[in-house]
Amino acid sequence: MVHVYNCHPFASQHIVSAEQEPGLVCCGGGALFVVSAGGCRIEAYELQREGCPLICRFSSMGSVLSIRHCAAGDYLVTIEEKNKATYLRAYTNWRYQAVEKTRVGVRLLGHLLRGSSFRGTPKEQMEIIEIPLFEPPLCMACCSLTGDLLVGCAKSLVVFSLKRQTLSEQLSVLDFERVLILHIQGWSPSQVAFCAGYIALQTELEVLVVKLTPRQKSSAAAEEHTLLPEDIMSETSIDEDAEMAKDGFSPLHAQEDFFLFPRHQEMLGNEAQECGISLVLEWTGMEAESQGDMSVVYVLFRRFAPDFFQGCSVEETNLHSLQLHPMFTGKRQEASISKGREPTCMFVFFSLPNTGYMYSLQNPVELVSTYQYPEKTHQAVLSDHFLYIITRSALQCFTVRCSAVAARVDDPYIDTTMKACPPITMEVCALRIQLFIGLKLLCQDGNQIVLLTAADVDSKEDTERTARRNTSRKSSVCKPTEPADSAHGWNLYVITSVSTLQLYREIVEYSKRYEQSSPSSQSCVHLLSEGHLLLRTALLLQDCESAERAQLQQAFQESCAHLGDCFSRFDKKDCHLALPYYKMSGLTVTDVIKRNMSSVSNGYGKGFIFFLKHSLYEETMEELSKDMADKVLEIFSVAEPAQLPHVVSSPSMLNADPDRAVTHLRRLEASGAPSITLALCMASLALRKGDLHSYSQQMDRHAEMLQVYGFIEEPKLLLQGRGKAVLPTTLAQHLHHTHEGLLVATVVALHENSKIRLEEADLFFQELCKDGVEADSSPQLLVDFWEALLVASSHEAIIQELLFRLTSVYIDRISRRDRSSVRALKTAEDLINSCSHYGELYPWVSILTPVQFNITHQHQEDLHKLQSLLCGPSLEVSSILPLLEQLSDSDPTGLSIHLLCATKLGQHETSINRLLDRCPEAIISYANHELQNHKLSLWWQKLFPEVCDRIRTGGKDNTVLLSALKETLVVAAKELNPLEFLDLLPDDGAAHFFLPHLLQCSQ
C-alpha cells in the first residue's frame, strides 16, 4: 500500500526556450542536452542558472537514437544511425563549442590526433570519438564514478575504460580502451546499467544484476572456467543451445510463432547463479593479464510473468527505467570516488507499468521497496531523496529508503537502545502528484527535474515500445518515428525541488492534522518518519556547508523529539522506540517528562514509561529536582509500582522526598510485593534522613544472606555509576563502618552475578576507604574482597589475576613492615580451610619461620598467607618473580619465600645449598618433603656430599649436620645396593660411624 499526501516538494518550474521540438533529452553535470526531433543537432543548456541559457549547440554525425551524459569525464555518448548503419560515438570537450567557429576533431578510438590538429590552444577543440564494435549497439550506460562505458549488443556486453592520454606537458585528452567483452548466450539486453563494477541487464520481462569481483579460487565455477579456453567455452555453450533447440527446448527469443510466458521467479545472491544465463569473460585491454583474475558474481535475477499484473495488456507489460544507484555516506564520498573504493550502498531499480521495485545489492541482497503506481507509468528516475515517475498526465514524487539502508551500514548503533531509524520495510508514500499534459520524457540532475511534454495525437510511447520489442527480438535498432504533423505543441520544463528543511517543516505541519484527530495515528508517525529520513539523507551525504548542516542537525534532533513523542504514547510493540529517539533528540529527562505531561488525562503511555525506566537504570541522566523527582515517584506508583525500589535507588532521585518515597514503598509492600529489597530501600531512605532507629529496624527484618540477595536485585543501593566513576552510596559507607563482612560478601555476589566488573569493584573499595589510614596502599577492605572473591570465583582468568594481586600485596607489606593496625576479615588458617588455592604450609617452612617468630601478628598473617599461596596448587611462580626483587632473603622471612619459589621452579640443588648455609635444621624436613620420586637420587648425589663437606670444614659444634648425615645415610642404605653404598662412603670417614648403615644396606 502506498500512502498519498499533498505536500509540495517542487519549488518552481520554468520552460526552456528550445528552437525545435526535442526528440531526446538527457542531463548531467549541471547541463541539459536536447536532441532535436530530426536527431542530428544537440543543444546544451545550463540548468543551474535562471532561464537555462544556451551553452552551445553542435551537430551530430548521424541521427541520434540514444544519448547519455557521464559526469566523470564530462562527455556525451550516443548511439547514432546513418545510411541504415548504427554507430557508437563519444563527444568530449563539448563545452568549447560555446565559442563560435571552434574546430571539431573526429577520430577513431585509440587514434590520437596529432600535428596540425592541435596547433591551437589545448582543450579548445571538441572531439568526436568513433568507437568501433563487432555488432550493432543496442543500449549503453556510463559509470558515474569512473567514467567507464558499457555497451549492450545482441550477443555480448563490451566494457570500455575511460583513459586520460597525456600528449605533452600542457595537453591531455580523453580516450577509451576496450578492456572486456562479456559473451551472453541466448539473451539480448534492451537496457543496461553500469556502476562500481555492478552490471545490470534488462529484457522485456527479466532483470539480471552481476558484479565483477576478484576470482575466488575455491569457486567451482572458477575451476570450471580455468579448464577450458574462453573461445572453446563460448562454442560449447552455442552447441548446447543448438542441441536444446533440436530437442524442442528453443529459447524464448527464438519463438516467432507464439509467446511463451515463463513463471514468475526471484533469485537473490548465490541463488541467481541458477538463472540459466551464461556470461563468459574475454579480457581485451592492455592490463588483461592482471585483470584475468576477475570473475562474474551473480547478484540478482528477477523474471516476471505478464499475466500476473492487472491493468495492462500482455503486450504492454514491459520493464523500463533500469538504474543502478550508488550512495556514499559522510566524508567517505570524495575519498571513495578518488580511491576507487566501493560506495556504502548500491541499489538497483526497475519498473513495470504499474509497479516499481528497488533492491539493495549489498549485505544482504534484499527487496527494499515496492511501488504501486495509481496508473500506468512511462518512465522513472531514482535519486538519493526521491523516486520520480511520469504517467501520461502526471509527475509523481515518491519517497525512498536509501538513507534507511545506508544508516544501518554506516552506524552499528542503529536499531539499539542508543539510536534508531525508521525501518527499511516501512511503506513508501507519494508526496505529490503534479498534473501535466502529454508527458513523454523525464530526467533529473541534482535538485533539477526536466520534463518533456508533447500533446500529439500519435503517442510516442507506442512507437518506443515497438522499437524496444523489435530491438530485443531482431537484434537491431529501429529508428524512431518522425513526429506527427498533427502535433498540437510541446514544452520542455525544468522543475526545481524545494530545500530539505522547507519540505521537512511542511511535513511536520502536515502531520499535526493527524495528531489532532488521533495522537496515536499511524499516518502521523509515517509522515514524521518520512521527514526524519529526508534529514538523515542530507546529513549522510554531507553535501552542504557548515551553517546549513547546523540547521539540518537541529531539525534532525527536532524530528527525533517528535518521533519520541509519538512512540511514547504507543501501547504497541513499537513503544520501545521512544527511548532511542529521545536520546538522539538531545532533550533532558526533565524536558521529556514535561512534554509527556499533557497526555496525563489518557494515562502514561508505555513508551514513555519504557524511556523513563531505562533512563533511570542507565544512570546517565541528570539529577532531577525535588519537584520532578517526586513527580517521577508519582508516575511509577500509578503506571508500574513494582519498579519503585529501582526508581528510588537511582542516583538521579537523590532529591526526592524520603518520606513520600517511604509512603509509596509501604503501599507497595502492603500489596504483597517481595519485602527484602523494599526493606533495604527503606533502610537507605532512613539513613538519608538520619533516622538510625528506623534503619536498624529495617536491617534486622532479614538475615544477612537474604540481604545479599536483595542487593543483587538492586545494586544501586550500594554503588552508583559505571566504568571509572563508581561511587559508594550512603548505605555502603555506613556498612563499611558497621558491617564490613556483609559489604564484602555483597560485592562478591554482585561480581559473580555479573552486576559489577573487577575493576569497578576495585574503584568502589578505594573510594570507600580513601579517607582512612590506608589511603596510600591497597586498603585492607579491598584485600578482604580479593580473598573472598578468590574463594568464590571459578573463572581461571579471574583467579590468576587475584593470585597476582594478593601476592603483590603480601610481598609489599612484608618488605615494608609499616602495616596499619586494621585487621583482616579472614586469617591464614581460615583461608587454608575454605579455599583450595591456599595450601597447608610445608613442614620445613614452619621450621624456617615459626609462629613465635619476631614479627607482629599482622605481618605474621601476611607471611603465612603468602607462604600458603606458594604451597598451594594454583599460583604460577614465574609470574611473580619480578616482585621478589623487593624482598630480601637476608632474614628467614624473605629466605622462606625465595626457597619456596625456587623449589616450585625445580631448583632443588640451589635450595639445598642455601638451606645448609642458612638453616641446616630444616634440611632433613626439606629433603623428606621435596626429594621424592624422580628427585630421590638427590639424597646421595647432592645432599650427602654437601653435608660431608660442611662437616669437614665446620668446627666441633656440628651436631645438626651429623644428624642430617645420619638421616641421609638411612635413606641411601634403603635405596642403594652394597657396592653403590660403598662407593658413596668417603675415604676419610670413621668405620664405626658408617659400618651400621653398611650392614643395614647389606640386609
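Reader: In what order do the strands of the open sheet of 5 strands run?
Author: In this predicted model, the order across that open sheet is β7-β8-β9-β11-β10, and the pairing is mixed.

Reader: And which strands stand at the edges?
Author: The edges are taken by β7, residues 63–70, and β10, residues 104–108; each has a single partner strand, so one side of each is left without a neighbour in the sheet. Going from one strand to the next, the twist averages 25°.

Reader: In what sense do β10 and β11 pair, parallel or antiparallel?
Author: They pair in the parallel sense, over 5 bridges, with β11 covering residues 126–131. If you want a place to look in the viewer, Val 104 stands opposite Met 126 in β11.

Reader: Switching to aromatics, how many aromatic pairs does the structure hold?
Author: There are 23 aromatic pairs in the structure. One of them is formed by Phe 349 and Tyr 371, whose ring centres are 6.3 Å apart with the planes at 70°, so this pair is edge-to-face.

Reader: Where in the chain do those two residues come from?
Author: Phe 349 belongs to strand β23, residues 345–351, while Tyr 371 belongs to strand β25, residues 366–372, so that the pair links parts of the chain that are 22 residues apart. Phe 349 and Tyr 371 are both buried.

Reader: Which rings link into a cluster?
Author: Ring pairs join Phe 304, Phe 350, Tyr 357 and Tyr 359 into a cluster.

Reader: Which Arg residues lie over the face of a Tyr?
Author: Arg 89 lies over the face of Tyr 87, at 4.6 Å from the ring centre, and Arg 513 lies over the face of Tyr 510, at 4.5 Å from the ring centre.

Reader: Next topic, Gly 30: where is it found, and is it buried or exposed?
Author: Gly 30 is found in the loop between β3 (22–28) and β4 (31–36), and with a relative accessible area of 15% it counts as buried.

Reader: What does Gly 30 touch, beyond residues up to four places away in sequence?
Author: Gly 30 touches Tyr 45, Glu 46, Leu 47, Gln 48 and Asp 445. For Gln 48, the C-alpha to C-alpha distance from Gly 30 is 6.1 Å, although the two are 18 residues apart in sequence.

Reader: And Gln 867, what is its relative accessible area?
Author: Gln 867, in helix α26 (residues 857–871), has a relative accessible area of 0% and is therefore buried. Leaving aside neighbours within four places in sequence, Gln 867 is in contact with Leu 841, Val 845, Thr 849, Ser 896, Ile 897 and Leu 900.

Reader: Stepping back, how many helices and strands does the protein have, and what share of its residues count as buried?
Author: The secondary structure comes to 33 helices and 34 strands, and 54% of the 1003 residues count as buried. The accessible surface comes to about 46,000 Å², with 50% of it belonging to carbon and sulfur atoms.

Note on methods
Residues numbered from 1 in each chain as written. Predicted model: local features only at pLDDT ≥ 70, side-chain atom pairs only at ≥ 80, totals over all residues. Heavy atoms only, no water. Pairing = 2+ DSSP bridges. Helix = DSSP H or I, 4+ residues; strand = E, 2+ residues; numbered from the N terminus. Axes fitted to C-alpha atoms, helices over the stretch in contact; angles between N-to-C directions. Phe/Tyr/Trp six-rings, centres within 6.5 Å; stacked < 30°, edge-to-face > 60°. Buried < 20%, exposed > 50% of the residue type's maximum accessible area, 1.4 Å probe, protein only. Lys NZ or Arg CZ within 6 Å of the ring centre and 35° of its normal. Contact = heavy atoms within 4.5 Å. Areas by Shrake-Rupley, 256 points an atom, 1.4 Å probe, with all protein chains shown as cover.
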